[in-house]
Amino acid sequence: MEIPFEPLVLGFKINIHLILEYLAFFLAFRYYLYLRKRKTDSITTSNRLSIILGAALGALIGSRVVGLLENPTIKFSLENFIQILNTKTIMGGLFGGLLGVELAKNIIGEKQSSGDLFVFPIILGIFIGRIGCFLSGVNEFTYGKETTSAFGMDLGDGLMRHPTSLYELIFLIILFFVLKKIQKKVLLKNGDLFKIFMLSYFGFRFFIEFLKPNVFYVFGLSSIQILCVICWLYYSKFIIQKLKNAY
């Protein structure tokens, strides 16, 4: 199988990444519904729907804003308007979704933490999406820098590059099972699992960005890395509390 993987169906070239993105949304939501049925949800159905709506709108806006910030020097024109409109990143989606949830909860007056039920569906969704990124090769800006290491792969441009999407797939598998074990073995407060997920994933993305050919930097950091720092600052109280408890 060659990468980029672009199968032909009835003479039409299929965008495998787009198909897997839609599949990721569908399966992640079905997984969320499955988990909610198995667990008593202390948040009412109407409030939970408001929270999901807030998350969706926040993710939609955040993914595109941060996507554009990855390369703010891009020229706006009618020719590349669709490309700009479709520019998005899961990092902006996650953080935008977080802010959207907090805003929705503030509007409806919901005080309880709501993120734990989303953790494993989010991981599943990202995992499926990253398969699409890997199969898209250099057609998607998720590939790594050139490398002479044994991990290098030709992702479609004849150069040996870090397959950063594969690295992330391995990380997500490990993270999934580690969080499952934590959930079973450790007594957590409501909402702590989601915070651990966000800190872990954003921490991983901070370091993996050093292997990507980013084009825009502030203080030596890419836009994604700056967002990772903001996320860690957002959860700084949680980090400090856990460190105090540890010592």
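**A walk from the cavity outwards**

The largest cavity has a volume of about 50 Å³. Keep in mind that we're looking at a predicted model. A search of the whole structure turns up one cavity of 30 Å³ or more. Its lining is made by Cys133, Phe134, Gly137, Thr142, Tyr143, Leu155, Pro163, Thr164 and Ser165. Two helices, α5 (119-136) and α6 (164-185), each give at least two residues to that lining.

Glu168 and Arg130 meet through their side chains, at 2.9 Å from N to O. Glu168 sits in helix α6 and Arg130 in helix α5, 38 residues apart, so the pair links distant parts of the chain. Are these two partners buried or exposed? Glu168 counts as buried because its relative accessibility is 2%, and Arg130 is buried too, at 8%.

The structure holds four salt bridges, and two others are worth a stop. Arg205 pairs with Glu209, their closest N and O atoms being 3.2 Å apart. Lys212 also forms a salt bridge with Glu209, here with 3.4 Å between the closest N and O atoms. Shared partners join Arg205, Glu209 and Lys212 into one network. Each member of this trio is tucked away from the surface: Arg205 is buried with a relative accessible area of 2%, Glu209 is buried at 1% relative accessibility, and Lys212 is buried at 7%.

Back to Cys133, one of the residues lining the largest cavity. How many disulfides does the whole structure have? A search finds zero. Cys133 is in no disulfide, and the nearest cysteine sulfur, that of Cys228, is 16 Å away. Cys133 is itself buried, with a relative accessible area of 4%. What about Cys231? Its closest cysteine sulfur is also in Cys228, but the two sulfurs are 7.3 Å apart, which is too far for a bond. With 0% relative accessibility, Cys231 counts as buried.

Now for the second largest pocket, which has a volume of about 200 Å³. It is lined by 15 residues, and Val66, Leu69, Ser223, Leu227 and Ile230 lie nearest its centre. Helices α2, α4 (90-108) and α8 (223-234) each supply at least two of the lining residues.

Leu69 belongs to helix α2 (residues 45-69), and it counts as partly exposed because its relative accessibility is 44%. Together with Leu53, Leu57, Leu60, Ile61 and Val65, Leu69 makes a nonpolar surface patch of about 560 Å².

In the segment before β1 you'll find Pro4, which is joined to Ile3 by a cis peptide bond with omega of about 5 degrees. From Gly11 to Leu159 is 148 residues in sequence and 29 Å in space, C-alpha to C-alpha.

Finally, look at the loop between β5 (217-218) and β6 (221-222), where Phe219 is found. Phe219 isn't a glycine, yet it has a positive phi of about 55 degrees. Is its place buried or exposed? At 83% relative accessibility, Phe219 counts as exposed.

Methods: Residues numbered from 1 in each chain as written. Predicted model: local features only at pLDDT ≥ 70, side-chain atom pairs only at ≥ 80, totals over all residues. Heavy atoms only, no water. Patch = residues over 30% accessible without salt bridge, like charges linked within 9 Å, V, L, I, M, F, W, Y side chains within 5 Å. Areas by Shrake-Rupley, 256 points an atom, 1.4 Å probe, with all protein chains shown as cover. Helix = DSSP H or I, 4+ residues; strand = E, 2+ residues; numbered from the N terminus. Buried < 20%, exposed > 50% of the residue type's maximum accessible area, 1.4 Å probe, protein only. Disulfide = S-S within 2.5 Å. 1 Å grid on protein atoms, 1.4 Å probe; cavity = no way out; pocket = protein on both sides within 12 Å on 5 of 7 lines; lining within 4 Å. Points joined across faces, edges and corners; volume = space filled by probe spheres on them.
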